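I opened my notebook to follow the inside of one protein chain. Here is what I had on the screen.

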Amino acid sequence: MLALHENALIKALREHRDVRQRVAVVDCLPKLIGEQLLQKYKADAPALYVVPGRITVRDGDEATLEFTVAGIVRNVAGQAQARKGDGIDIGCDHLLTLAIRALNRQVLGCASWSLVSAEMADDDLFESAGLSAIEMKFTSSAVLLDAGFGLEQLAELDNFAALHADFDLVGRSDAQLAAWQQTPPDYSASTPELQADINLPGAN
């Protein structure tokens, strides 16, 4: 679940037209440390990285996902320019705007996403390396943990041409309702009070 949505966020950032024009690198967080990581940031900037996410479970069967998108820019002209940009070089505030355009209120993976917070990273290591960074936290809508579907199953919905529904208005037993769901339905013991047959858009 986390990997699926990490990939979905990266894909959405990479494919957004404004991000493609202004950001050099969009990727998962580099697996480097120390000076190697700083040098990677300097080579990639301006860049957006999706940090591995976390999942929070509520009531046992519902969860929300949270991912941080880190933005990196060079601050060769000082911290103010790195935050705001100067009309030529992109700043952290521009990266925030681009991430919002690509991700906020978008349905990606099996959830919709919202920006919940953003802040400049206050780290002397970044400043000494000539870099500035911003951290943006995005959270998902609720996702059912026991949902037996994913992106492939959702894509299969395009194949449905018609919907048939049986309505039980008197509270029948599970066995009687299960008989209605057979193929073909078994109405020998009881019949629905209401039925609906709907041709879906695009059906022949």
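**Ground rules.** I am working with a predicted model, where local features need pLDDT of at least 70, side-chain atom pairs count only at pLDDT 80 or more, and totals for chains, interfaces and linings use all residues. Residues are numbered from 1 along each chain as its sequence is written, and side-chain values use heavy atoms, with hydrogens and water left out.

**Entry 1: Cys92.** I found Cys92 in helix 5 (residues 92–103); helices here are DSSP runs of H or I with at least four residues, and strands are runs of E with at least two, numbered from the N terminus. Is Cys92 buried or exposed? Cys92 is buried, at 0% relative accessible area (buried is under 20%, exposed over 50%, partly exposed in between, with a 1.4 Å probe and protein chains only).

**Entry 2: the core.** I looked up the largest nonpolar core, which has 29 residues (a set of buried Ala, Val, Leu, Ile, Met, Phe, Trp, Tyr and Cys joined through side-chain atoms within 4.5 Å). Helix 5 gives the most to this core, with 7 residues.

**Entry 3: two helices.** Next I checked how helix 1 meets helix 5: they pack at about 115 degrees, with axes 9 Å apart (axes are lines fitted to C-alpha atoms over the stretch in contact, and angles run from 0 to 180 degrees between N-to-C directions). Leu9, Ala12 and Leu13 of helix 1 make the contact with Ala99, Ala102 and Leu103 of helix 5 (contact means heavy atoms within 4.5 Å).
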